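Biologist: Could you walk me through this model, one piece at a time? I'd like to look at it first.

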Amino acid sequence: MTDPEKVENRYRSALHGATPGAQTQASWAGSAFSSVLSALANEAWVSTTADTFSKDCTDMQTKAGTAGGDCVDEMTSRYSREPAKVDPTDYRATWY
C-alpha cells in the first residue's frame with residue numbers, strides 16, 4: 001500500500017489531544033497535599049501524630065507527582081512512536 005492510500009492515525013491524534021489535560025492533572029496531583037502541608041508547617045496541628053501525618057502527606061504528594069509525570073511521559077513517548085498515517089484497516093484509523 002502506498003503512502004497516499006494511508007489515513008490519519010486517529011489514536012496518535014487522540015494521544016496528542018489528551019496530553020495537555022494529562023499535564024494539568026499531573027500538576028494538580030503533584031500539589032494535591034500542598035494546602036494540608038502548608039497548614040501543618042504553620043502549626044495548625046502540633047503533635048507527634050501531626051509530624052507523622054505531615055511526613056505521610058509529603059510522601060504521598062511525591063508519589064502522586066511522580067505518577068502523574070510518568071503518565072504524561074508515557075503518553076508523550078507513545079505519541080512519538082506512532083506513525084502519522086496507518087492503513088485504513090488498522091484499528092488506529094478508527095480510534096475514538
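Modeller: Helices (H or I, at least four residues) and strands (E, at least two) are DSSP runs numbered from the N terminus, and a helix's expected span is 1.5 Å times one less than its number of residues. This is a predicted model, where local features need pLDDT of at least 70, side-chain atom pairs count only at pLDDT 80 or more, and totals for chains, interfaces and linings use all residues. Residues are numbered from 1 along each chain as its sequence is written, and side-chain values use heavy atoms, leaving out hydrogens and water.

Biologist: How far does α1 reach from its first C-alpha to its last?

Modeller: Helix α1 spans residues 10-30, which is 21 residues. At 1.5 Å a residue, 30 Å is expected. The reach is close to that, at 30 Å.

Biologist: Where in α1 is the kink?

Modeller: A bend is the angle between axes fitted to the seven residues ending at a residue and the seven starting there. The kink is about 35° and comes shortly before the proline P20. Its position is T19.

Biologist: Which helix do the buried residues of α1 pack against?

Modeller: Buried means under 20% relative accessible area, exposed over 50%, partly exposed in between (1.4 Å probe, protein chains only). In α1, the buried residues are Y11, L15, T19, A22 and A26. With contact meaning heavy atoms within 4.5 Å, their packing partner is α3.
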